[in-house]
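Open the model in your viewer and keep the selection tool handy. We will walk through it one stop at a time.

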Amino acid sequence: MEKKKVTFQFNNEEIETNPGRTIFEACRDKDIFMPGICSSQPDLGVGVIKTCDTCYVEVNGELQRSCTTEVKPGMTVNSESEKAKAAQLEGMSQILKNHELYCTVCDNNNGNCEVHNTAEYLQVDHQKYEFTPKPYPPDNSHPNYRYEPDQCILCGLCVEACQDLQVSEVLSIDWERKEPRVIWDNDVPIDESSCVSCGHCVTVCPCNALMEKSMLGEAGYMTNIPKNVLEPMIDLTKEVEPGYQGIFTISNVEASMREDRIDRTKTVCTYCGVGCSFEVWTKDRDILKIQPQPDAPANGISTCVKGKFGWDFVNSDERLTTPLIRKNDAFVEATWDEALSLIAEKFQTIKRHHGADALGFVASSKCSNEENYLFQKLARSVFQTNNVDNCSRYCQTPASAGLMRTVGIGGDSGTIKDIANAGLVIVVGANPSESHPVLATRIKRANKLHEQKLVVADLRKNELAERADYHIHPKPGTDLVWISAVTKYIFDQGWDDSEFLKNRVNNVEEYKQSLEKYTMEYAEEITGLSKDNMIAIAEMIHESKGTCILWAMGVTQHIGGTDTSTAIANLLLVTGNFGKEGAGAYPLRGHNNVQGASDFGTMPNFFPGYEPVEDDEVRKRYEQAWQTKIPKEPGLNNHQVVEAIDDKKVKAMYLFGEEMALVDSNINYVHGAFEKLEFFVVQDIFFSKTAQFADVVLPAAPSLEKEGTFTNTERRIQRFYKVFEPLGNSKPDWEIFQDIANKCGADWHYDSPAEIMDEAAKLAPAFAGVSYKRLENWESQLWPVNKNGEDTPLLYKDSFGFPDGKARLFPVEWSEPFEAGTEYDLHLNNGRLLEQFHEGNMTNKSEGITHKAPNPWLEVSHELAEERKIKTGALVRLTSPYGKVKVRVLITDRVKGKELYLPMNTIEEIQAVNKLTSSYHDKDTHTPNYKEMQVKMDVLEADGQSPLPSVNFRFGNPQPHIGVEVDKKWKRDDFTSVPEVVEREDIIDGESNHAN
Amino acid sequence: MAKAITQINIQEKTAEEKQQQIQKDLLKQITDNHESIQTTLEIVEELQQAGMLDMAKGLLRMREKIGSISIDKINQPSMHHLIKNGFHAIEFIGRVEPEELEKMMNGVIHGMERMAKETEKDEETSMWKMFKTMRDPHVMTALSYLTAFLNGMGEEMGKKKPH
């Protein structure tokens with residue numbers, strides 16, 4: 001229902017706005033510039049900070065902050081009266097007491113400095129209050145950013161971002177001391193604090209107080225002047241300054257000159273599935289900084305440590321820059337022509353002798369949609385095999401399969417906004433704070449500020465569990481049981497959404513009957529949870545306006561992974577939590593393009609857009625377009641390919657951008673299979689563990705060196721642009737595929753990825769309206785996309801993904817998890833961590849990240865440590881039926897009892913968790929059961945150096961509070977409000993109170 | 001049957017090969033731009049003869065020290081005055097109406113010419129002659145402008161300083 005608009009008088013015009021808007025917002029909506037440094041970050045909100053005092057206006061004659069004053073009908077607002085201007089100027093003058101304007105020699109003089117631009121706008125001419133340095137040295141302790149108290153204007157944007165957007169709750173302003181400043185934790189050096197290095201504070205800083213170290217001395221033409229010259233120069237400028245306006249002219253010229261040498265290119269992050277997009281600022285091949293923008297659809301101004309500071313790998317000396325061919329137990333450099341000719345010859349010979357299905361193709365979820373499309377086209381049209389798969393087989397295929405069974409579409413139901421707006425978020429077997437950090441910030445913010453309820457079901461007390469209203473700890477692999485018990489309880493209480501079930505869901509009665517066995521008693525016995533816990537969750541779902549369930553590998557990487565995913569979708573259907581805002585199912589995709597790789601057809605049973613290869617009509621469409629014959633039978637998935645290599649059925653394999661030799665389960669077995677291959681091509685940006693088994697290694701170009709699109713966990717397709725030329729002789733993956741196809745006689749002529757997307761859009765109805773034109777800059781599209789470009793942020797509003805438009809409740813049975821045997825007495829959990837991505841071969845090239853988290857570590861509970869008499873730093877050997885690892889111990893209360901946690905951030909086999917995992921798998925999709933393993937532990941050294949350095953955020957001491965606490969500023973003895981100053985000093989020319 | 005291997009034989013270019021490549025690239029650039037390079041060389045020759053290059057070399061090599069010395073020298077009260085006065089002078093000129101300035105400057109120049117003629121004369125000026133001159137309409141005009149100017153200047157100088 002639309003509310004009536006409100007009209008008010010602003011200067012000489014009438015402005016219409018929505019009720020509830022503040023004056024500042026109403027002006028911004030109309031593109032009227034209003035000064036307001038502390039309202040310059042829309043993600044933080046307007047008027048929440050109230051520290052800068054530059055947005056004063058006269059409201060019916062009284063001075064008011066425009067950022068907090070709500071528009072009322074008929075209100076008269078003047079922002080240009082002498083009084084309003086005097087107030088704005090006074091606000092700015094108070095800021096400049098804390099900030100020296102030496103813009104031309106400042107690295108932040110890039111046209112977007114809020115302090116510079118506001119001072120210029122307000123025509124500040126002189127320093128009204130003398131600047132005095134603060135008694136604190138700059139804090140340069142953090143490897144990636146610095147804090148310079150002398151330049152800090154105490155606006156608190158950084159504090160707000162840390163406390164209420166990122167919600168790591170590290171930063172505060174200490175208003176109580178004589179000279180207030182920003183402090184980290186309880187005032188420790190930044191590096192020793194609980195700072196997670198996400199970069200929010202640096203991004204929002206309106207001046208140069210918080211800056212990326214990579215910018216310092218690099219951005220400006222004159223910013224690298226030595227200190228003994230710079231300081232007198234600043235003094236001189238201050239001494240002789242003819243008024244700031246002249247200085248602004250010079251700094252504006254200098255800022256424009258910088259545009260010539262600093263490129264700003266939009267990219268999409270190459271790490272997790274959240275799909276953050278931001279600008280990369282570069283000077284030649286140097287990355288100056290990552291600059292997020294409010295327009296970015298998934299993340300706004302948010303980043304995590306990897307997106308903000310994890311890009312050094314692009315210029316690493318270890319990059320592959322030339323093709324390599326195996327000759328006599330060594331790799332030798334080769335030309336592209338030699339390498340491609342050899343590949344074409346070998347693949348064609350093997351196909352001739354053993355058939356097309358003797359070839360296997362493994363695609364990359366790190367690479368673009370266009371590259372995945374072209375790779376499956378290469379496999380299917382040039383080599384006539386469906387043996388093509390991607391790494392979602394290791395993580396999320398069960399989630400997609402569970403959704404396809406019930407609601408018909410294997411993707412998130414809505415967007416991150418829906419998660420943020422939900423009444424209740426339930427996280428099952430996922431650790432978003434570390435694996436999907438920016439998405440997690442939205443949950444933490446909603447929980448902290450907007451009364452969103454949070455339930456976490458996880459073995460570990462991860463950060464979200466710590467914050468949750470309820471953290472439940474079911475026995476490993478039993479989620480299906482408690483979820484089904486909660487669903488049954490909801491039916492029993494009559495809390496099911498019967499109207500929704502009647503109109504929109506099939507198979508209700510049969511499903512309801514299948515729930516009979518999931519009584520509370522049965523669930524208590526199997527899961528170890530208490531009845532009260534489960535009932536409480538059912539009540540929360542019942543009472544909430546909308547529930548989102550988020551899940552990841554803790555659910556999928558089990559023998560019953562698909563069934564548990566199905567149980568989640570069932571619960572959401574029963575409670576009517578599909579097809580409405582702030583509700584739905586959200587499998588959290590792990591890689592930047594794990595969604596897109598599957599979407600664009602690197603799957604053995606699907607063409608792009610999840611159309612079955614077995615469907616004659618669909619196949620015909622592709623055969624006609626590609627002028628080729630495509631086999632009807634689905635091909636082998638990753639798991640089956642390894643088995644087939646072991647059985648000598650698959651003889652050659654082409655793999656790109658996938659570290660299968662470390663991330664597949666039971667890697668001893670996988671290595672054995674690789675050794676049996678007759679011919680193996682590995683394409684990567686680094687010489688990976690997998691590449692060691694190759695016959696030909698091809699050097700690929702990462703996302704910053706090419707164009708393309710990625711699809712994030714929301715189904716959002718976003719474009720990334722080329723920042724650099726490919727390093728050395730490396731090439732974008734799509735160009736390599738085209739070259740190989742043409743070597744084999746295909747006649748492909750793609751000039752750019754845009755043409756590949758056009759072809760995919762023509763063939764796959766789900767992407768009919770996707771085009772590069774519609775994806776320019778910050779634009780994005782969420783599939784399915786109609787031909788006219790209309791996309792689908794929220795699925796199932798009108799119908800589900802089945803021919804009759806109705807969802808299906810799908811009965812599932814619990815599968816008992818794998819047991820290794822009684823001698824293996826400890827449960828082994830495993831997964832990611834915040835700082836390093838996956839096994840870490842990209843992020844470990846960033847010194848700052850490695851400084852914070854150099855090694856994997858084994859999390860051991862206090863109870864177990866006591867029992868085994870070990871301390872943090874102890875060296876232990878873990879043994880499973882499949883292999884052994886040797887790692888150092890970290891004792892923590894994140895794990896309980898006999899449960900261990902080993903993150904996967906290593907490229908050393910001896911520490912690699914997949915030496916221990918088995919080849920058992922989800923019975924429906926063949927996703928390995930990584931999360932079902934038990935081990936025994938031998939103590940090699942009872943004590944030693946901690947594997948996690950003391951500068952890691954996990955040892956910090958956060959100081960939670962809401963925002964910047966401006967009240968404390970106002971209570972200071974030396975604080976005088978701007979209206980008071982204006983009144984007292986009678987500084988309004990021509991309006992002073994004279995009798996004549 | 002391929003075991004994992006890590007040996008990569010990189011065909012490193014020898015130092016000589018690298019140098020040859022650079023020479024080749026440079027030569028090409030020189031031939032492509034030979035005209036501008038020849039002119040540049042001529043300029044460089046002149047600079048060398050004039051001793052400018054030696055001076056520049058010294059300045060560049062000692063840039064940090066010199067930078068620090070000269071900025072210290074500049075950062076002194078007398079220099080502050082010079083720079084400030086410079087700014088004021090420029091500001092002053094900027095504020096004067098061009099037509100008025102032109103009129104005045106013409107007057108000054110004309111007056112100076114007359115003054116030059118006057119100094120050439122070798123006779124003493126009597127008080128009587130002075131008074132007589134003052135009755136000259138041209139002199140009267142100049143004097144009345146001058147008194148108007150003094151009036152305005154006095155008014156501005158008599159204003160109290162703002163807060």
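## First stop: a helix in chain A

Select helix α14 of chain A and colour P437(A), V438(A), L439(A), A440(A), T441(A), R442(A), I443(A), K444(A) and A446(A), which are buried (20 or more other C-beta atoms lie within 10 Å of the residue's own, with C-beta atoms placed from the backbone). Helices (H or I, at least four residues) and strands (E, at least two) are DSSP runs, numbered from the N terminus.

Before going on, two notes on what you see. This is a predicted model, in which local features need pLDDT of at least 70 and side-chain atom pairs count only at pLDDT 80 or more, while totals for chains, interfaces and linings use all residues. Residues are numbered from 1 along each chain as its sequence is written, and chains are lettered from A and ligands numbered from 1 in the order in which they are written.

Back to α14(A), residues 437–449: its 13 residues reach 18 Å from first C-alpha to last, close to the expected 18 Å, taken as 1.5 Å times one less than the number of residues. Now show α4 (157–165), α12 (416–421), β17 (424–428), α13 (432–435), β18 (453–457) and α15 (463–467) of chain A, against which the buried residues of α14(A) pack. Just after the helix, click E451(A), which has a positive phi of about 60 degrees.

## Second stop: L101(A)

Select L101(A), in the loop between α2 (82–96) and α3 (114–121) of chain A. Is L101(A) buried or exposed? It is buried, because 25 other C-beta atoms lie within 10 Å. Beyond its neighbours within four places in sequence, L101(A) is in contact with L96(A), A119(A), Y244(A) and I247(A); contact means C-beta atoms, placed from the backbone, within 7 Å.

## Third stop: where the chains meet

Display both chains: 26 residues from chain A and 22 residues from chain B make the contact. On the chain A side, α6 (227–240), β13 (324–327), β14 (330–333) and α27 (667–676) each supply at least two residues, and α6(A) gives the largest share, eight residues. Zoom in on β14(A) and strand β1 (residues 8–9) of chain B, which run parallel and are joined by two bridges. Here F331(A) stands opposite I8(B).

## Last stop: confidence

Colour chain B by pLDDT, the predictor's confidence in each residue, from 0 to 100. Its mean is 83, and 97% of its residues reach 70 or more.

How values were computed. Two residues are in contact if their C-beta atoms, placed from the backbone, lie within 7 Å. Two strands pair if DSSP finds at least two bridges between them. A residue is buried if 20 or more other C-beta atoms lie within 10 Å of its own, exposed if 12 or fewer, and partly exposed in between; C-beta atoms are placed from the backbone.
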